[in-house]
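Trainee: I've got a new model open. Can you walk me through it?

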Amino acid sequence: MRAAIVVFPGSNRERDMALACRRAFGEEPLHVWHRETTLPDVDFLALPGGFSYGDYLRPGAIAARAPIMDAIRAHAAAGKPVLGVCNGFQILIEAGLLEGALLRNANLKFVCRETTLVCGTGNSPFTRAMQAGVTRMRTPVAHHDGGYFVTPDQQKMLEDQDRIAFRYADGDNPNGSTADIAGVLNAGRNVLGLMPHPENATDPLAGGEDGLALFTSLLEAA
Amino acid sequence: MKAQVAIRLRPDVLDPQGKAIGQALQTLGFSGVDNVRQGKLIELDVDAADAASAKAAVEQMCARLLANPVIEDYEIEIEG
């Protein structure tokens, strides 16, 4: 599994993402700077967490207009997997690769703790080893703008198309997200964005490795 | 040409920041304050022949970057 991590000014979880890739794939991922206009020939792209451009204008808004974005769009359009975590999720939404918006947390507080996620669909390259409604992942969150917002029409569309990859478990919604939605897929099911950090749950030393399944699932999909 | 873009959260979007501001106003003793909403104002100089073309340019900027149509409405004002 050849992986690349796209780095923007203000990304800060790219090393965590690299550790997860190394652990899951047994290979060192490449790093791609946002000023590039082409991507190396890779199977999997990850947009890591952080605070690109200091969250100016809207979180992810400036990064989503970076020179590398057209290449990321092309990678996604080719059906290859793209994962956006936290700020990476915000960037994918701002780039129009995923629906919805991410708002300031409902309680206005930066939230940094573990959450329990429930898999919403096993039908994606990231979740094929998981069972909808059954598989749970203990996964940390760390964000200030993670309230997932969709209109009722968009929510219905996501549900009808089985595109809600993860929800926060009952009573564990940390940010006021619509319908407890923690992560969503694009229509092609190969782009996944989520606020929690599966890459930070890939080592027992760091509290658990529930998140590893999301990465190893890609190996089986490839 | 000077342009101003007022960006507001759409009415159906929860605005926790506006809510917190409203609560702080109440704490200060301002009674009868309700529905506080926080937005942003972006000012820019645009090199354009006339107000209409300046507005058209800023309209493009709003659509492509300045506003997020999923959650925000905007109003453009061209001065002079």
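Mentor: Start with labels: helices (H or I, at least four residues) and strands (E, at least two) are DSSP runs, numbered from the N terminus. The model is predicted, so local features need pLDDT of at least 70 and side-chain atom pairs 80 or more, while totals for chains, interfaces and linings use all residues. Residues are numbered from 1 along each chain as its sequence is written, and chains are lettered from A and ligands numbered from 1 in the order written.

Trainee: OK. Where is B:Leu25?

Mentor: B:Leu25 belongs to helix H1 (residues 16–27) of chain B.

Trainee: And why does B:Leu25 count as partly exposed?

Mentor: Because B:Leu25 has 15 C-beta neighbours inside 10 Å. Buried means 20 or more other C-beta atoms within 10 Å, exposed means 12 or fewer, and partly exposed is in between; C-beta atoms are placed from the backbone.

Trainee: Which residues does B:Leu25 touch?

Mentor: Leaving out residues up to four places away in sequence, B:Leu25 touches B:Phe30, B:Val33 and B:Val36. Touching, or contact, means C-beta atoms within 7 Å. For B:Asn35, the C-alpha to C-alpha distance from B:Leu25 is 12 Å, and the two are 10 residues apart in sequence.

Trainee: Zoom out. How many helices and strands are in chain B?

Mentor: Chain B holds 2 helices and 3 strands. Read from the N terminus, the order is β-α-β-α-β. The C-alpha trace of chain B spans about 50 × 25 × 15 Å along its principal axes. Of the 80 residues in chain B, 14% are buried. Take contacts in chain B between residues at least 6 apart in sequence: 65% of them join residues at least 24 apart.

Trainee: How many residues of chain A are in contact with chain B?

Mentor: 10 residues of chain A meet 9 residues of chain B.

Trainee: Now chain A. What order do the strands of its open sheet have?

Mentor: The 9 strands run E2-E1-E3-E4-E11-E10-E9-E6-E7, with mixed pairing. Two strands pair if DSSP finds at least two bridges between them. Strand E2 (30–33) and strand E7 (136–143) of chain A each have a single partner strand, so one side of each has no neighbour in the sheet.

Trainee: What packs on the sheet?

Mentor: Helix H1 (residues 14–25) of chain A does, and it touches strand E1 (3–7), E2 and strand E3 (44–47) of chain A.

Trainee: Back to E7(A). Which face is covered?

Mentor: The covered face of E7(A) has A:Met137, A:Thr139, A:Val141 and A:His143. The uncovered face has A:Arg136, A:Arg138, A:Pro140 and A:Ala142. In a regular strand, side chains alternate between the two faces of the sheet.

Trainee: How many bridges link E6 and E7(A)?

Mentor: Strand E6 (residues 111–119) of chain A and E7(A) pair over 8 bridges, in the antiparallel sense. In one of them, A:Arg113 is the partner of A:Val141.

Trainee: And E9 with E10 of chain A, how many bridges?

Mentor: Strand E9 (residues 164–168) and strand E10 (residues 181–185) of chain A are antiparallel over 3 bridges. There A:Phe166 stands opposite A:Gly183.

Trainee: Last one. Which residues of H2(A) are buried?

Mentor: In helix H2 (residues 69–77) of chain A, the buried residues are A:Met69, A:Ile72, A:His75 and A:Ala76. They fall within an arc of 115° seen down the axis of H2(A), so they line one face of the helix. The arc is that of the directions from the helix axis to the C-beta atoms. The face of H2(A) turned away carries exposed A:Asp70, A:Ala74 and A:Ala77.

Trainee: What covers the buried residues of H2(A)?

Mentor: The cover includes E1, E3, strand E4 (82–85) and strand E11 (191–194) of chain A. Just after H2(A), A:Gly79 has a positive phi of about 85°.

Terms used:
Contact = placed C-beta atoms within 7 Å. Axes fitted to C-alpha atoms, helices over the stretch in contact; angles between N-to-C directions.
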